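Thanks for sending this one over. Could you keep the sequence and the 3D view open while you go through my points?

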Amino acid sequence: MRGERWLCVLVCLALSGLARSQSAVPPRWSKPADWVPARWPWPDAASLDLVAAGPLNCLLLRPVTADFAAAAASRGLATLAVVVPSDDVLATVRRALSAKVTGIALEGDFPEDLAAAVRQLARAAPVVELAPRSRMLANSAGPVLATYQGVWPGMAETERLRAGPSGSVWIDTNTGFIRAARSWCDLPLWIANRPPAKTVVTTGRYLQAIADAGVSGARWVVALDDDFAARLARRDPKALADWSRMLSLAGYFERHPEWREMREYGKLALVQDPAKGGLLSGGILDMIAVKQTPVRPIPRQRLTPGSLKDASMAVNLDAASLTPEEQAVLHDFTRSGGTLLTGPPGWTDQAPAGDAITLDRSELERLNDIWREVNSMVGRRNLGVRLFNAASMLSNFLISSDGRTAVLNLVNYSDYPVENVSVHFLGDYKHAALLTPDGVDKPLELYKTDDGWGADIDKVNVCATVRLEQ
Amino acid sequence: MMTRREWIAAISAAPLLRAADAAPVAPVSIAKCASYDEDVTARLGLLFDQLGGLGSLVRGKTVTVKINMTGAPSIRLQGLAPAVTHYVHPKVVGGLAYHLGQAGARRIRFVESAWATSGPLEETMLDSGWNVRALQSAAAGVEFENTNALGKSKTYARFQVPGDAYMYPAYDLNRAFEDTDVFVSLAKLKNHATCGVTLSLKNCFGSLPASIYGDNAGVDEPNENPTAGRNAVGHQGRRQPSKSAPQELHFGANHDPGYRVPHIVADISASRPIHLAVIEGVESIAGGEGPWIQGVRTVKPGVLLAGLNPVCTDAVAAAVMGYNPRAARGAAPFQTCDNTLLLAEGHGVGAADLGRIDVRGVSIAQALYRYDS
C-alpha cells in the first residue's frame with residue numbers, strides 16, 4: 001500500500017493547491033511514445049489537479065478550448081483533440097490546431113484520403129488514429145497504434161452465473177488481440193474502449209482494464225463512466241481514493257518500461273496472420289491464455305527459424321496462406337523435432353467481419369475443432385510456466401533479450417483477491433521476487449519442482465509480477 | 001420450537017425405521033473448532049484421544065485417506081477458497097496426516113477422484129490453493145493418488161458388495177483402495193442436493209473412477225483420460241459403466257438420482273469398509289454440496305467429528321446438523337432421496353441409531369448447528 005498511499009497524498013496535495021505551480025513546467029513527455037492517455041471529461045482547468053501526480057500526461061479532449069489546452073500545456077501535459085467522422089473534420093481540426101493542442105486523435109472509421117488530409121493539415125502535430133481493429137494495422141506509420149474497439153475486461157457474465165461443477169472460467173480480455181498486434185508492430189499500442197454504458201463500473205473493473213492492457217505492453221486510454229466522473233469532479237473522497245488506485249496501477253506499468261522491451265516467452269508458438277484472427281478477442285490466443293499456457297504469437301509474415309527459437313510446439317492457424325518460404329520454415333521445425341498442429345483441411349483463419357471484434361457462436365464452434373486439438377497437444381505440459389489456483393487470472397510471461405531475466409505479469413479478473421497461487425517455471429533461475437503496484441518488492445522462495453522451479457504467491461489483488469533472475 | 005434437549009430426546013427415541021440391532025456401533029467423538037486459525041491439529045488430537053487414540057488402528061500400516069474435493073477447483077462460492085466452503089480444509093488434511101504419522105502409520109496416501117482429470121492429485125490441490133509441500137512434510141510417507149483413473153497402478157481393483165447388492169454386484173476402483181491396511185473417509189459437514197447430506201459415506205461416491213463410471217468412460221474399456229463427471233452412469237442410469245467393470249443389476253429400472261446415488265453409496269460403503277470416519281465442519285456450506293447448487297450459503301458450525309464406524313459417525317453428524325439421521329424419504333434432509341445412512345445400515349455397515357451410539361467429547365446438543373435454519 002505504500003506507493004498507493006504516497007500517490008494519494010500527492011493527489012490530495014495537488015487538489016489543495018499546495019503543489020500547484022504558478023509557472024509553466026516542462027513537458028512530462030519527450031515523444032508520443034511516452035504518452036499515457038486518458039479521455040478527459042472536464043472542461044475546467046482546475047480538473048487538471050487530478051493529474052498533478054501520477055503517470056497520465058496526455059489528455060484526449062472533446063471539445064477543445066484554447067484556455068484549457070494552454071492550462072494543460074503549462075502543466076506539461078499533452079492534449080489531443082478528438083475528431084470523429086460525423087464532424088466537419090477539416091474545420092474541426094483547424095479549430096483544434098488554432099487552440100494549440102498538441103495533436104489530433106481521429107476516432108472512428110475515416111476514409112484514408114480524409115485521414116491523409118488531416119495529417120497534412122496537422123503538419124508536425126502528431127495524429128493518432130483510434131481506428132477500427134480491422135484497419136489499425138495499416139496505421140503503422142503513425143506515432144501510436146490505436147483502436148477504439150475493445151471488450152470490457154473481466155470475468156464473463158455468463159461464467160459468473162454458470163451452474164455446474166465443471167467450471168471452466170472464461171475471461172473477457174483484450175490481451176490476445178494486443179499481443180497479436182504487438183507482434184506485428186513495435187509502436188506503442190493504445191486501446192481506447194469505453195466502460196459499458198448504463199452499467200455500474202466498480203473500481204476493480206477499472207483496475208482490470210488498466211492491467212489487461214498493461215500486462216501485454218499496451219495502454220488503456222483511461223475513460224470514466226459519467227457517475228464516477230461526476231463524483232470525481234466534486235472531489236468525493238471515495239472517488240478520489242479510487243482514482244489514486246487507478247493512477248497507481250497505471251504508474252506501475254510506466255515504472256517498468258523494460259517490460260515493453262522484453263519478448264514473449266513460451267515453448268508454444270502460434271503462427272497467425274495478425275490481420276485475421278489476431279484482430280479478434282476470444283480467439284485461439286485468448287483460449288490458450290485462459291488455460292494458463294504461455295504462447296507467443298508469430299505473424300506468419302515474420303516466420304523465420306529464429307522466430308521459432310526455443311519453441312517445441314507450434315500451431316499454424318492458416319496453413320493455406322503460407323508462402324513456400326514460410327512453409328519451409330515450419331517443415332524444418334518439425335524435422336528438428338518440433339510438434340506442429342495445423343487446422344483441418346479447408347480451415348481458414350477469419351478476419352473480423354464489419355465492426356465485430358468477437359466471434360459469434362458458429363465461429364466459436366468452428367474454432368473448437370482447432371481448440372480441442374491444441375488442448376490435447378498441450379495437455380498438462382509446462383511450456384514455460386504453469387500457474388495453479390489461477391482460474392480467474394491471466395498472465396504474460398516475458399524474457400529479456402539475454403535470457404537472464406524473466407517476468408510473469410499476473411492480472412486477477414475476479415472481484416476478490418486470489419490467495420495461494422503457485423507458479424512452476426521451466427529454466428534455471430536463482431532468484432525470484434514479487435512486485436506489486438503498491439510498492440511491494442520482496443524475495444520469493446524458489447523450490448525445485450519436477451521440471452524446473454516453483455514459487456508460491458500469498459495473494460494477488462488485481463495485479464502482481466514475479467521477476468526471475470538467473 | 002423445540003429446545004435442543006427436547007430435539008435430541010425426540011430423535012433418539014424415533015421409532016421410525018428402527019435400526020437392526022445387529023448393525024455394529026462404535027463411539028463417535030466431537031470437538032469444537034471455531035476457526036481454521038485455531039490449532040486445528042490439537043483439536044484433531046483431542047478428537048482421536050476421545051476415541052482411544054489411533055495407534056492400534058494405524059501403527060506400521062498403510063493408511064489411505066479419501067478426502068473430499070468435489071467439483072472443479074475453479075468453481076468458487078463468492079470467490080472464497082474451496083477449503084472454506086465445500087472442500088475439506090488442508091489444515092485438517094495436514095493435521096490428520098500429522099496424527100496418523102505420530103500414531104505410527106508407515107505410509108499415508110491421500111486419494112480423491114479429481115474432477116474431470118486423470119492428472120496428478122497434487123495439481124488439483126495446487127489449483128485449490130493448497131500448499132502441497134506443507135502436506136508432504138506433515139508426516140513421513142505422505143503420498144497422493146488421483147483415483148479418477150488407473151493412476152500409478154496398472155490394473156483396477158474389484159470390490160464385491162457382500163450379500164445382496166443394491167445397484168451393482170461389485171465396483172472397480174483404483175488400486176489405492178485395495179493396497180491399504182486402513183481406509184479413512186475425510187469428509188465435509190455439508191448438505192447434498194441429491195443425497196440430503198454429504199458425510200463420510202457419501203464422500204466415498206467420489207471413489208468411483210470417471211474412467212469407468214464417467215460420462216465419457218469407454219464403452220468397453222476404461223477411458224484413461226476422463227474429462228467429465230458421473231451423471232450419466234451414477235446419477236441417471238442413462239448408460240452402463242465400461243464393460244470391463246461389473247454392470248448395473250437392473251439397468252433401466254430406475255433413473256431417479258435420489259434413489260440411485262444413495263443406493264450406490266451404500267453399496268460402496270459395504271464393499272470398501274471405512275475404518276475411520278473424520279468429518280470436518282469448521283466452515284462449510286449449507287443447501288448443497290458445491291457452489292453450482294443454487295442457493296447454497298456459507299456456514300460456520302465450528303465442529304469436528306470422528307468415529308470408527310461411518311454410519312454411526314454420519315448419524316451423529318446429521319444430528320449435529322439438526323437432522324434426524326433416521327428420517328425417511330420425504331423428511332429433511334431427505335426430501336427427495338432415500339436415506340443413505342439407513343441403506344448402509346441395511347447392508348450391516350453400522351447403526352444409525354443415536355440411542356446406541358456412545359458420543360464422546362462435546363455433546364450433540366452442544367455442537368448442534370442447524371443447517372436448515
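The numbered points below go through helices, strands, the chain contact and some backbone details.

1. Some ground rules. This is a predicted model, in which local features need pLDDT of at least 70 and side-chain atom pairs count only at pLDDT 80 or more, while totals for chains, interfaces and linings use all residues. Residues are numbered from 1 along each chain as its sequence is written, and chains are lettered from A and ligands numbered from 1 in the order in which they are written.

2. Helix α14 of chain A. Helices (H or I, at least four residues) and strands (E, at least two) are DSSP runs, numbered from the N terminus. Helix α14(A) covers residues 361-378, 18 residues in total, and its first and last C-alpha atoms are 24 Å apart, close to the 26 Å expected at 1.5 Å a residue. That expected span is 1.5 Å times one less than the number of residues. Do have a look at D369(A), where a kink of about 35° in α14(A) is centred; the bend at a residue is the angle between axes fitted to the seven residues ending there and the seven starting there.

3. What does α14(A) pack against? Its buried residues are L367(A), I370(A), V374(A) and V378(A). A residue is buried if 20 or more other C-beta atoms lie within 10 Å of its own, exposed if 12 or fewer, and partly exposed in between, with C-beta atoms placed from the backbone. These buried residues pack against β12 (268-272), α12 (284-290), β14 (313-316) and β15 (339-342) of chain A. Contact is defined by C-beta atoms, placed from the backbone, that lie within 7 Å. As a reminder, an α-helix has 3.6 residues a turn, so residues three or four places apart point the same way.

4. Helix α7 of chain A. Of the 10 residues of α7(A) (175-184), 10 are buried, so this helix is largely enclosed by the rest of the structure. Among them are F177(A), I178(A) and W184(A), and also R179(A) and R182(A).

5. A helix pair. Helices α9 (226-233) and α10 (237-254) of chain A pack at an angle of about 110°, and their axes are 8 Å apart. Therefore α9(A) is roughly perpendicular to α10(A). Angles under 35 degrees count as roughly parallel, over 145 as roughly antiparallel, 65 to 115 as roughly perpendicular and the rest as oblique. The axes are lines fitted to C-alpha atoms, for helices over the stretch in contact, and angles run from 0 to 180 degrees between N-to-C directions. On the α9(A) side the contact uses F228(A), R231(A) and L232(A), which meet A239(A), L240(A) and W243(A) of α10(A). By class, the residues of this contact are five nonpolar, no polar and one charged. Here Ala, Val, Leu, Ile, Met, Phe, Trp, Tyr, Cys and Pro count as nonpolar, Asp, Glu, Lys and Arg as charged, and the others, Gly among them, as polar.

6. Where the chains meet. Chain B places 21 residues in contact with 19 residues of chain A. Which element of chain B gives the most to its side? Helix α5 (121-127) of chain B does, with three residues. That side of chain B has seven nonpolar, 11 polar and three charged residues.

7. Two residues of strand β18 in chain A. A406(A) lies in β18 (405-412) and counts as buried, with 23 C-beta neighbours inside 10 Å. Not counting residues up to four places away in sequence, A406(A) touches Y265(A), F397(A), L398(A), I399(A) and L468(A). N409(A) is also placed in β18(A), and its 25 C-beta neighbours inside 10 Å make it buried. Leaving aside neighbours within four places in sequence, N409(A) is in contact with V215(A), S395(A), N396(A) and T465(A).

8. Backbone details to check. Most residues other than glycine have a negative phi, and most peptide bonds are trans. A cis peptide bond joins R62(A) and P63(A), with omega about 0°, and P63(A) sits in the loop between β2 (58-61) and α2 (66-74) of chain A. In chain B, a cis peptide bond joins A332(B) and P333(B). K198(A) has a positive phi near 55° and is exposed, with 6 other C-beta atoms within 10 Å. N420(A), in strand β19 (418-425) of chain A, has a positive phi of about 60° and counts as partly exposed, with 19 C-beta neighbours inside 10 Å.
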